[in-house]
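Subject: Structure handover

Hi,

Here is the structure for you to look over. My notes come after it.

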Amino acid sequence: MTTTTQTAAVETRAPADNAPWRPDGGSRLGWAIADTFTVVRRNLIVYTRIPEFLFFSTVQPIMFVLLFRYVFGGAIHPPGGGPYVDYLMAGIFVQSVAFGSISTAVGLSEDLQKGLLERFRALPMARAAVLTGRTTADLCRNIFVVGVITGVGYAVGFRIGAGVPAFLAGIALILFFAYAMSWGFAVIGLSAPNSETAQVMAFPILFPLVFASPAFVGVNSMPSWLRDFATHQPIGVVVIATRALTEGGPTATPVFQALLWCVGLLIVFVPLAVRQYRRRA
Amino acid sequence: MNNAIEAENLEKTFGGQVRALAGVSFTVEEGTVFGLLGPNGAGKTTAVRVLTTIVRPDGGSGRVLGHDVVSEAGRVRSLIGLAGQYAAVDENLTGRENIFMVGRLNHLARDVCARRATELLERFGLTDAGDRPLKTYSGGMRRRLDLAAALVARPSVLFLDEPTTGLDLRSRNDLWEMIEGLVDGGTTVLLTTQYLEEADRLASRIAVVDHGRVIAEGTPAQLKADLGATVLDVGLPDHAAAVAAAAVLAQVGTKPPMVEGSSIELAVDDGPRAAMEALRILDAQAMSPTTFVLREPSLDDVFLALTGKRTETETDAEALPEDGTHGRGRGRAKAGSPTGGSR
């Protein structure tokens, strides 16, 4: 009797140890989500291993807060007439996540260079998980950055004008926009020959979008052609919508337009990024 | 015996010009180690990339355990493991985290991944280093970790792309022992290498690859039969002396000697005995060699025997951080006058 039980025990253990453990069951979507989570975890671990990166990704936005609050702020009179710091913060949020999305390009480009993406291709993982994992990890980093900036903004006098729920909706909008931008920069990261090039390629795209916008100053002083560009390009639209949500004002139309831009960016860049990933990796 | 890997007329051209594979065919029996031997740029890595589903072939077909590498790529990926010369593991993660990640991406349960990571770290002598980021690892440790990660899901077929290129002798020996251990476990291994010694030690069959083609295939013994078991290199003061010495030493070798510049290369069977005899002959002729070396045949010698020319040691493309003495070139001027003995 005892012998039989023992044999049975050994037999049940044997296949578990020797047979391949890969479960063939489970839905494709289920595995895609699990794989994304694995890649997110890897990217977040890397962020914690290089705390300097996380630290310095908040330093630049903080310097911008201080620069505009104390150096330029006195000379700028926001269109609404309220305190400049309240006007400023929407611009700072959007600018920070926009420049932060460069790291999606740099990170993917580095993975490509190191041969890591090639190794991923030989694994039975979901193809898209490399990209969804990277963009989701960058979303997590953006949540952190936006949190820090909110704190700094509060310290220099920023106050929520339209209530906490509206403010949180504004933050959600910024993060959604950041996520969409990450896909755009994923395309650049996968197209660039190396990570240094990815970085310098990203900058000239972002610079005009960030500064030719109502991020830091009202558009009324701009020439009319520039004003039209500033208020209709994605960063401008998202800044206007975020400002409406954080400072107060009519929200329906700007928020709708901003969401439209985010969805539009995703519709264009997700397939492009996937295509580029298939090609390069 | 079933075939674990079948490559049939694989073709691959990069950028419309570089013909990496020009119709490569071979089969690997289940549970054996097969070596693809060839110089840099011969197409070995491309063959591995095709068979591991990383790139699609332009022509021909590949099957792993009966599954097509193009139409059933997903199935193939779940059966194979890949470890390569570039040790593509994440250097910011610890060894344990790397193995865990590859395990998860192979869709193993978390607890299984954790257990496998511990097991594999121990098996590859990395237990102490397991919780350190890879940045702190030496080259040999990285290769070992790469191999460990490739094994996490117990693949039936393992691809090793130049597993020891650029490693020092000790790390290379360690890795060889570990690879031999795998084979005892029944895993089929496809190994690419530039080192005849490595293919000889690990593989039961070898295909020699050059310019995207298999130019010879057989057991190591068959390939080496052509070469003689050992090579005797004798250096003389000048070319004339070398030619004269080659004439008298011909009787010692299994094949006519080769003269390059002032040195002679002679394939011999029983190394030490042939060496004594050669010295005796030289002494009797009052010829004094400046150098006298017995060595294992190298990839260079295999190539010479197969193609009549030496491997083109390209110095530009992917210059590997290599010893430069082991295996191939022996630091001898390749452009020496090939007035070659009586070949």
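Below are the conventions, then the findings.

This is a predicted model: local features need pLDDT of at least 70 and side-chain atom pairs pLDDT 80 or more, while totals for chains, interfaces and linings use all residues. Residues are numbered from 1 along each chain as written, with chains lettered from A and ligands numbered from 1 in the order written.

Chain B: It has 11 helices and 14 strands, taken as DSSP runs numbered from the N terminus (helices H or I, at least four residues; strands E, at least two). Of its 343 residues, 49% are buried, that is, with 20 or more other C-beta atoms within 10 Å of their own, C-beta atoms being placed from the backbone. Take the contacts (such C-beta atoms within 7 Å) between residues at least 6 apart in sequence: in chain B, 68% of them join residues at least 24 apart.

Cores: A nonpolar core is a set of buried Ala, Val, Leu, Ile, Met, Phe, Trp, Tyr and Cys residues joined through C-beta atoms within 7 Å. The largest has 150 residues, and A:Val94 and B:Ala148 are among those with the most contacts inside it. Helix α8 (residues 164-191) of chain A gives the most to this core, 13 residues. A second, separate core has 17 residues, including B:Val231 and B:Val268.

Interface: Chain A puts 22 residues into the contact and chain B 25. On the chain A side, α2 (28-49) and α6 (116-121) each supply at least two residues. The most come from α2(A), with 7.

Best wishes

Terms used. Buried ≥ 20, exposed ≤ 12 C-beta atoms within 10 Å, placed from the backbone. Contact = placed C-beta atoms within 7 Å.
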